[in-house]
Amino acid sequence: MKVAVAGCCHGALDKMYETLELLQRRHNVRPDLLLCCGDFQAVRNEADLRCMAVPAKYRHMQTFYRYYSGEKKAPVLTVFIGGNHEASNHLQELPYGGWVAPNIYYLGYAGVVRFRGVRIGGISGIFKSHDYRKGHFECPPYNQQTIRSAYHVRNIEVFKLKQLKRPIDIFMSHDWPRSIYHYGNKKQLLKMKSFFRQEVESNTLGSPAASELLQHLKPTYWFSAHLHVKFAAFMQHQTNSKEELPKATKFLALDKCLPHRDFLQIIDIEHDPSAGDSLEYDAEWIAVLKATNSLLNVTQSSWNMPEKNGLHAKWDYSATEEAIKEVLEEVNHNLKIPCNFTLTAACYDPSKPQKHVEPVHTINPQTTEFCAQFGLTDINDKIRQAKEEGSVRGEYEEEEEEEEMDSTGSAEEPSEYNTDNSGLSSINPDEIMLDEEGGDEDLSTCSVDPSPDHPPDFSASFSDIRIMPDSMVVSSDDAMDSTNEELEKSGVSKQVEEKSLNERPLKRIGGNENGNSGTKKIKRRNQAIYAAEDEDKTE
């Protein structure tokens, strides 16, 4: 089957689906499935906008609300993970995954589903070591800290995924697995994005948690976004025994959804012809969720996952064949995910703006039904109970002492943190800061809905839609001069109006507002969404 993979969508659903329709008209290629690697921005209303960690100037409704309201329907089944620019209050309603609109499915904090026999997994958010070992304690209304920590990856999700034993076909993460750049054309990457050099050479670019999962899961494909650049790599995994067959992962990072950007990839994936066209739960993943349900934590306290170190009575929470069989019996061998999408918030009405609506903590009926079916704990219900009992002392209880969230969204996380002691070594620099000065891109194309009187010309706007064959070979390190050349050699056959990207000079700034210049921060001039000069300072 044909799978379309997109990078950061940034709420531009109309643009993304119009591009797929353009692909079908021009090349007679119709994807069976669309995957989006984060920054999806499922924004339903003005309250959701306030829960998105971006400067106020970039808080625009975009077009998701039209799919949420039912005005439009996604023309292809869409599965996505969360990134670091999301309506966190909306996605938080579905910690185990669920429908955010008809035909648009969110994988949850972490999740695994099946479609036509293809096993698809993913983990939402980005890695930050200072939040990695905490529980999911955040809930709306967020403050300046929790609006960011809400999308940070937690060790419980990585632990759950590491319990999987059966092969994964496709895996998605928002940020790149750390070190993956050593398995592709690193020279070409640094030529395109020279400001990555410091982190690449120090091996601090990307997520150590994602790298750990890559080495454990060894999926056939791994897709990422976040860095707003296209990059391909091929990683040959080491075998644990002579009997084990060699495995390799084809990695692909996608650019963001903007005109004149190579943001969409079509890949042929082997599937089960006898499987149905419905999205299905994965029996092993459900069994893992049931096994790890007792490990649920909704506090800010740092904690380590069970491991074989003499401190834990149990450390293996993988699913036995008997446990998987029990799951199948519970659902009468029908793993089809119910189409039980429910509106849980008012939808944006352009004729009646509601600029002062406060976000609320919502229990989603989809999550309630899922937890009841499989005997799981609803994380949001537990957060609500703990908050009412006063056992959760998160910063959301100190609203009277906190300043109201800065409307400019100018606060920024520190640039570097020491890693935790959960087995992940090396530091994680702060997320990419993107400059808005100059450039050849019109940000209005990403932040303003198209006018009904002047619909966008998608045939002229979107370029370089590539069809990637099942076999993609990219050399490790710098053995080959150009990733693009290798993609051409391996059979990348179709392309629409390919255009080159203009490069930006490297710009560095050092220090912070307190005069501490101990750490230099790289300001990545990528002329992308969600970056502002008013964010260019370090706490």
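Modeller: Start with helix α10, which is largely enclosed by the rest of the structure, because seven of its ten residues are buried. Buried means under 20% relative accessible area, exposed means over 50% and partly exposed lies in between, with a 1.4 Å probe and protein chains only. Helices (H or I, at least four residues) and strands (E, at least two) are DSSP runs numbered from the N terminus. The model is predicted, so local features need pLDDT of at least 70 and side-chain atom pairs count only at pLDDT 80 or more, while totals for chains, interfaces and linings use all residues. Residues are numbered from 1 along each chain as its sequence is written, and side-chain values use heavy atoms, with hydrogens and water left out.

The buried residues of α10 are P208, A209, A210, S211, L213, L214 and L217. At the N-terminal end the helix is capped by S207, whose side-chain oxygen lies 3.2 Å from the backbone nitrogen of A209. This is a polar contact, that is, a pair of N or O atoms within 3.5 Å; within protein, one must be able to donate a hydrogen and the other to accept it, and residues adjacent in sequence count only if both atoms are side-chain atoms. Just after α10, K218 takes a positive phi of about 50°.

What does α10 lie across? Helix α10, residues 208–217, lies across β7 (118–123), β8, β9, β10 and β11 (247–253), where contact means heavy atoms within 4.5 Å. The helix runs at about 50° to β10; axes are lines fitted to C-alpha atoms, for helices over the stretch in contact, and angles run from 0 to 180 degrees between N-to-C directions.

These strands belong to an open sheet of seven, in the order β10-β11-β9-β8-β7-β6-β13, with mixed pairing. Two strands pair if DSSP finds at least two bridges between them. β10 (231–237) and β13 (279–281) stand at the edges with a single partner strand each, so one side of each has no neighbour in the sheet. On average, neighbouring strands here are turned by 25° against each other, direction ignored.

Q236, for instance, stands opposite A248 in β11. β11 is mostly covered, with five of its seven residues buried. Next, β9 and β11 run parallel and are joined by four bridges; the bridge partner of F223 in β11 is L252. β8 (residues 170–173) and β9 (residues 221–224) also run parallel, with three bridges between them, and I170 stands opposite Y221 in β9.

The loop between β9 and β10 holds H226. Phi of H226 is near 70°, a positive value in a residue other than glycine, and H226 counts as buried at 12% relative accessibility. N103, in the loop between β4 (98–101) and β5 (104–106), likewise is not a glycine and has a positive phi of about 75°. N103 counts as partly exposed, at 23% relative accessibility. Another backbone feature is the cis peptide bond from P140 to P141, with omega near 0°; P141 sits in the loop between α5 (129–132) and α6 (146–149).

Elsewhere, F374 lies in helix α13 (residues 365–374) and is buried at 1% relative accessibility. Apart from neighbours within four places in sequence, F374 is in contact with Y281, I286, K290, V327, E330 and V331. F374 and K290 are 84 residues apart along the chain, yet their C-alpha atoms are separated by 7.2 Å.

N293 is in the loop between α11 (283–291) and α12 (321–330) and is buried, at 18% relative accessible area. Not counting residues up to four places away in sequence, N293 touches Y96, G375, L376 and T377. The side chain of N293 reaches the backbone nitrogen of T377 at 3.0 Å.

Of the contacts between residues at least 6 apart in sequence, 80% join residues at least 24 apart.
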